[in-house]
Amino acid sequence: MNTPAATGKHGPPPALILLFLILAGLAGNIFAPRLFMGFNYLFGSIAVLLILRIYGLRWSLVAAMVAASATLWLFHHPFAMLWLGLEPLFIGLLLRRRPEAPNLVLFSALYWTLVGVPLIFLFFLGVQGASLGGTLPAAMMYWLIGVTNALAASLLLNIRSFAGLLGLRKSLQTLSLRQVVFNLLMAAVVGPAILIMVLNGRIMETQSHDLALKHIEDMARLAPLEIEPAMGRNPQSDALQQALAALANSPGQGTIVSVKNTLGNILASSHPAMRPAGHSYNPFEGCEKIPVAPGIFQALPRGDIPIPLWQRVQRSSLVLEAPLPSAPAWVLVIELPLGPLKQRLLERQTFALALVLGLIVLALINALFFSRWLALPLLQLSQVTTNLPARISARARITYPQTRIAEVDRLIGNFKVMDEVLQDKFREITEAKETLEQRVQERTEELKYLATHDPLTHLPNRGLLLDRLSQALALQSRHGKKLGLLLLDLDNFKMVNDTLGHSTGDLLLQQVAHRLQEGVRQMDTVARLGGDEFVILAAEVESLDAMGKIAQKLLENFSAPFHLNGRELFITASLGITIHPDDGRQTDILLKNADTAMYQAKKLGKNTFQFFTREMDQRIRKRLDLETRLRRALERNEFLLHYQPQVELSSGRVTGVEGLLRWCKDGGEILVPPREFIPILEETGLIVPVGEWVLQTAVAQARQWELAGLAPLQLAVNISARQFYRESLPEKIHTILEQNGFSSSRLTLEITESILLQDTGESLSKLRTLKDMGINIAIDDFGTGYSSLAYLKRLPIDELKIDRVFVEGMTEDPKDAALIEAIIELARKLGMKVVAEGVETAEQLDFISRRGCEKVQGFFLSRPLPAAGVEELLKAHFPGGEDRVGWAGRRRDTL
Ligand SMILES: Nc1nc2c(ncn2[C@@H]2O[C@@H]3COP(=O)(O)O[C@H]4[C@@H](O)[C@H](n5cnc6c(=O)[nH]c(N)nc65)O[C@@H]4COP(=O)(O)O[C@H]3[C@H]2O)c(=O)[nH]1
């Protein structure tokens, strides 16, 4: 069924409810309780109106027709169907027009006033020919019944459990305060008014009935007394006629007093129409004979007459038939028409009805106004507070309703307070939002800035540089000028960081950035690539010369000292320059070229600048190639150790060997000299695993020689800075010594002075650990570093190795000779041994030995040899560890 209701989930099915309501409507009109005066209470329209609200107009019209069909029987005319059927149509149309105020009672009152009552008048006056006096109360009665039914339907819809039973949809389940107030106010008046009216009607009816009964009983008592003397033996006598007429006149108009025989023929009658005598007379003809009291009956016109009950009652009479005591063959018939009595009653009833109707109309007006007065401020409040947050956020002015109802006024007051609080909160939120947005914007700007700038120096970062570079390249290619990219790297910046701390390093970088910016043109870009690398993008440069001048100027900017945390620091930089379009056309290639050139500048002794050249590129490529090959060399077993003997001058014995790394092809042919590949190993960090391999191999070899019974040798192994600073170095050495069963006292680690420069604290503790393990420490290339000699005092050093450069020049350069003498003297005084490196000639050997140097090492005595070579040498010349064959002496004597 396609009805608007049918939403009840737990109640009976909607179709069943509808059917029930239709039948209830019919029953309400069939079993209409009698009120008074023959009026019945037709309450079928309650069900019809319920159907109208729940199932809509169509079904209510059907229900109205079904319910009104009962009036066919009640009024014996189909006309009533019209006014009963029109009611839901009228109300239904009004409901559609005013869905926001579905006031059934008001709409019903309007219907009955405008349509129902005129139709009733038309029907009773026009069709049935009833009197106005009889129709008026009927019209008022039907008005009252109609409005009361509408009120009952409305109240039923207001009752929660009833609404639930009917399975009302949500919109009907919620109640309108105005409606409820209206209904209650109406019910408070209509209920008692109708009740009083009905009771009053009933009482009056009973009274009038009793009065009529008393009349007829009185007459029945009086009649024999009056009649008998007058009748004699002749019923036709005038005296009897006069006595009957006198009797008939006594109770009131229209009473017929007759005497008839047992056959029912009139003998005498007060009514002239009954005469002449002999007519058959039956007062119950065409009537129902209703017993009222012993011997007294009501003659009520039969129901098949097409008039309503109240009209039939008006036309009824009370009839008494009793044989005369003195002449039992004669029957006294008294017919008392109830019409005049009922007429009087009707007039009084009409008055009462008019009063009640007036009262109800007043109640209706009052309920309408009162409910509106009560509910209006609430309605207005609900309207102004609909979408309150949105209104507040739109800063809309809210005009709150005013009322004299204290509770509602308080509610409105609460809303106002809430509104104010919300306004405040909203303002706060808005302000907070604005602040937040501002912060987000600032932060976004900051992040944008950070994404393109270096936070330390505030210079453009690599990203921004590349961006500007590509823009500049695009512009440059249009107007044909050159563009220079200068890559600047600070010299020994790591040392500043390591020795003076990172914050000083940062300060230096900031000052460098400042100087660089001051040293370039406005149109140029200074960027920081990271670490201590800066790039200057010099646009529109005329020539290479101009570029050189820029580089020179930049370097000169470094001539003044930097002031860092109260210290003065001189720092230099190395610059690599590349030119667009000569050296390349792409950003990454130009950057790489500048880097290559800078690297070259470093190699050339730092504090200088270099232009990029193709050869540099090739060299770099070669180096890269070397690096790649070196990475694989360890796995491929391409490393090898050579050992250079060290000879003790006092005994002429080979007392030690220095392990030296070689990179060989399969056949043993040396691939790259150590001085070329070892720095690469150091730079790449490969020196750490390779150095470990060296230690392992050298120790294993020395132990092998020991086991082979060769003279015990002191094994010297070079340790690079990276290796030295590895935390695990002592443990590693310990393991290697352990694994090979080699004494730590036979191992000498050669470290360079640069190691000691880096972190004295750490190097001291590490040296102590190594020393405590029994290992000897030698300072390699002594004299070439820049360190102060103070460390010699603090550090546990056993040996100084005089660098080859001094030995090389000592025979020609007295300064070298003096230096060597000084070193030997210094070592002796500090309790250290001295080893002279790079002794190539007998003269050098002689010079050195006369100066008191303990040990020598050099090509003059022996080049670094493969392990087998060392073995051969030892076996051939020092079978018992001594130079029994005078090898050392001969070597000395060869020159
Ligand atoms: N012209 C000349 N040279 C002589 C003479 N006597 C010795 N030499 C060379 O002088 C270098 C001595 O080693 P170094 O000063 O420690 O200098 C070493 C050392 O610093 C480093 N090195 C070599 N092997 C290793 C190693 O296993 N580990 C580490 N970290 N560095 C190593 O490579 C440097 C060069 O090693 P090599 O080329 O083997 O060069 C060796 C040796 O062949 C001589 O009379 N005349």
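Trainee: Which residue of strand 13 stands opposite Gly576?

Mentor: This is a predicted model, in which local features need pLDDT of at least 70, side-chain atom pairs count only at pLDDT 80 or more, and totals for chains, interfaces and linings use all residues. Residues are numbered from 1 along each chain as its sequence is written, and side-chain values use heavy atoms, with hydrogens and water left out. Strand 12 and strand 13 (residues 609-611) run parallel and are joined by 3 bridges; strands (E, at least two residues) and helices (H or I, at least four) are DSSP runs numbered from the N terminus. In strand 13, the residue facing Gly576 is Gln610.

Trainee: Which residue stands opposite Gly576 in strand 12?

Mentor: Strand 7 (residues 482-490) runs antiparallel to strand 12, with 8 bridges joining them; two strands pair if DSSP finds at least two bridges between them. Strands of a sheet pair through backbone hydrogen bonds, either parallel or antiparallel. Opposite Gly576 stands Leu487.

Trainee: In what order do the 5 strands of the open sheet lie?

Mentor: The pairing in this sheet is mixed. Strand 8 (525-530) and strand 13 are the edge strands, because each pairs on one side only. From one strand to the next the twist averages 20 degrees, where axes are lines fitted to C-alpha atoms (for helices over the stretch in contact) and angles run from 0 to 180 degrees between N-to-C directions. The order of the strands is 8-9-7-12-13.

Trainee: How many of the 8 residues of strand 12 are buried?

Mentor: Buried means under 20% relative accessible area, exposed over 50%, and partly exposed in between (1.4 Å probe, protein chains only). Ala573, Leu575, Ile577 and Ile579 point one way from strand 12, Ser574, Gly576, Thr578 and His580 point the other way, and all are buried. Strand 12 (residues 573-580) is therefore largely enclosed by the rest of the structure, and the count of buried residues is 8.

Trainee: Which residue meets Asp491 in a salt bridge?

Mentor: A salt bridge is a side-chain nitrogen of Lys or Arg within 4 Å of a carboxyl oxygen of Asp or Glu. The N to O distance of this pair is 2.8 Å. Asp491 lies in the loop between strand 7 and helix 17 (493-500) and its partner in helix 20, so the pair ties together parts that are 111 residues apart in sequence. Asp491 is buried at 2% relative accessible area, its partner counts as buried at 19%, and that partner is Lys602.

Trainee: How many residues apart do Arg427 and Asp424 lie in helix 15?

Mentor: The side chains of Arg427 and Asp424 meet in a salt bridge of 3.0 Å, N to O. Arg427 counts as partly exposed at 39% relative accessibility, and Asp424 counts as partly exposed at 38%. Within helix 15 (residues 406-452) their separation is about one turn of the helix, and the number of residues is 3.

Trainee: What is the accessible area of the nonpolar surface patch formed by Val361, Leu362, Ile365 and Phe369 together?

Mentor: Patches are made of residues with over 30% relative accessible area and no salt bridge, like charges being joined within 9 Å and nonpolar side chains (Val, Leu, Ile, Met, Phe, Trp, Tyr) within 5 Å. Ile365 lies in helix 13 (residues 339-384) and counts as partly exposed at 40% relative accessibility. Accessible areas come from the Shrake-Rupley method with a 1.4 Å probe, and for residues only the protein chains shown count as cover. Together, the four named residues have an accessible area of about 390 Å².
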